[in-house]
Amino acid sequence: MIRARITGTGSCLPEKIRTNFDIEKMVDTTNDWIIARTGIEERRIAADGEFTSDLATRAAERALEMAGVSAAEIDMIVLGTITGDYPWPATACIVQENLGADKAYAYDISAACSGFVYALSCASDFIQAGRGKKVLVIGAETLSRIVDWTDRNTCVLFGDGAGAVVLEAAEDSESGVLSSHMHSDGSYLDLLYQPGFGTRVTPSVENITDHIPYLKMQGNEVFKVAVRSLTNVSLEALEANGLSASDVSLFIPHQANKRILEATAKRIKLNDDQVYINVHKYGNTSGATIPVAMDEANRAGLLKSGDVILLSAFGGGFTWGSTLIRW
Ligand code: UT7
C-alpha cells in the first residue's frame, strides 16, 4: 500500500508585526479585550509589494530544502488560499513559476480556513492513487488585504503568513497520512464570507466607499458551529482509525481563537500538553495556520517518528475537515 508521507515542512511569516496596541490606535478596542476574547497578542502583516505567492514560495522553498527534494521533481502543487494574488489564474501557478517546478501541475483550493487540510486530502489521494510521487501542499494568505481595518469585530483577528509541506509516496510505510475527513455546508454563507469582488458584487465607487467588498463575519455564531464541527470531525478521525484521545501525540488545530481551541480540546478530552497553540503570535492566518504550526512544531522537535498527529480545521463555506497522520 502506498502512503503519503510528510518529508519536509516550511513556513514564512512577514517581518512586520502589528500588536494589539497598534490596533488600539486604529479602532475602538483594547489589548485586554483582544487577549481575553481571542488570545491574540500580535499578528504579521505583509509588506507593500509582498504577496501571497511570495510567502507561499518562501515556505515551499524551506519545505523542499528540509525534504532534500528539488522543485523539478515535484509532480503537483496544491495551494489552499482565499487571498490569491489575483482572482485568477491560480496563485499556485505563480508559485510553480517562482520555484521552477516545471513538471508540476498547479491549482488553488478555495476552502477558507480549511484550505490546507482540503489540499492535503487531495494531495494524499493523488499519491495513494499512484498518480505522482512528490507533491507540494501549501496554505498561504495575506488576509490583511481583505480585512476592513475600520471594523473592530474582524480586523483584530487576522494576519498574514504561509506554510508548506512536501508529501512523498512511501511503499508499505507505517507512517504518513492515515485518513482525511472533509465536510461542507453552504447554508451558512452569510455568517462568514467576502462579498467582493466576484461576479455578484462587481467593483464600483459606491461599494468601496461603503466597505462592502471586505471580509464579513458574525463571530459569535461562527464560534458555536466551529467548536461543534471541530470536535465532531476530530472524533470522526479517531474513531475511523480505532484510536482514542490518549493516542494523540499532538493536536494541531486551525488557530482562530484560543477559546475555540481550548473548548474543542476539552470536548475531545485532550490535555493541554497535547495541543499546539500559536494563535497569540500570528492571529488567524486562515489556510496558513496549520502548516505554519506544523513547521514550528517540527523544527522544535515536537514531532517524532511514530507520533499520531491530528489536524482539524474549520472555516468559511462552511468547510471543515480533519487529517490524521502517523509521523
Ligand atoms: O477561522 C474560522 C472562522 N472564524 C472564527 O472561528 C472566529 C469565531 N468567533 C470568534 O472568535 C469570536 O466570536 C470573536 C472573537 C470574533 C468575538 O468574541 P465574542 O466573545 O463572540 O464577542 P461578541 O461578538 O459577542 O461581542 C461582545 C461585545 C460586543 O459588544 P456588546 O454588543 O456586548 O456591547 C461587541 O460589540 O464585544 C464587542 N466587540 C469588541 N469590543 C472591543 C467586538 N469586537 C470588539 C473589539 N474590541 N475588537
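A polar side-chain atom of Trp33 sits 3.4 Å from a nitrogen atom of the ligand. The model is predicted: local features need pLDDT of at least 70, side-chain atom pairs count only at pLDDT 80 or more, and totals for chains, interfaces and linings use all residues. Residues are numbered from 1 along each chain as its sequence is written, and side-chain values use heavy atoms, with hydrogens and water left out.

**Ligand site**
- The ligand is surrounded by 23 residues, each with a heavy atom within 4 Å of it.
- The closest are Thr29, Arg37, Asn220, Asn257 and Asn284.
- Asn257 places a polar side-chain atom 2.7 Å from an oxygen atom of the ligand.
- Gly219 uses its backbone: a polar atom there is 3.0 Å from a nitrogen atom of the ligand.

**Domains and their interface**
- The protein chain splits into domain 1 (2–173) and domain 2 (177–326); such bounds come from an automatic or database domain assignment.
- Their centres, taken over C-alpha atoms, are 14 Å apart.
- In domain 1, 48 residues are in contact with 43 residues of domain 2, where contact means heavy atoms within 4.5 Å.
- About 3,700 Å² is buried between domain 1 and domain 2, and carbon and sulfur atoms give 61% of that area. Buried area is the accessible area (1.4 Å probe) that two parts lose on being put together, summed over both.
- Cys113, Val117 and Tyr118 lose the most area on the domain 1 side, together 16% of what that side buries.
- Between the domains, 23 residue pairs are in polar contact, both residues at pLDDT 80 or more. A polar contact is a pair of N or O atoms within 3.5 Å; within protein, one must be able to donate a hydrogen and the other to accept it, and residues adjacent in sequence count only if both atoms are side-chain atoms.
- On domain 1, the elements that each supply at least two residues to the side touching domain 2 include helix 2 (31–38), helix 3 (52–67) and helix 5 (115–128). Helices (H or I, at least four residues) and strands (E, at least two) are DSSP runs, numbered from the N terminus.

**Salt bridges**
- The whole structure holds nine salt bridges.
- One of them joins the side chains of Asp28 and Arg152, at 3.7 Å from N to O.
- Asp28 lies in the loop between helix 1 (20–24) and helix 2, and Arg152 lies in helix 6 (residues 152–155), so the pair ties together parts that are 124 residues apart in sequence.

**Backbone geometry**
- Most residues other than glycine have a negative phi, and most peptide bonds are trans.
- Gly196 to Phe197 is a cis peptide bond, with omega near -5 degrees. Phe197 is in the loop between strand 9 (192–193) and helix 7 (205–209).
- Gly317 and Phe318 are also joined by a cis peptide bond, with omega about -10 degrees. Phe318 is in the loop between strand 12 (308–315) and strand 13 (319–326).
- Ala112 has a positive phi, near 50 degrees. Its place is the loop between strand 5 (105–109) and helix 5.

Definitions and conventions: Salt bridge = Lys/Arg side-chain N within 4 Å of Asp/Glu carboxyl O.
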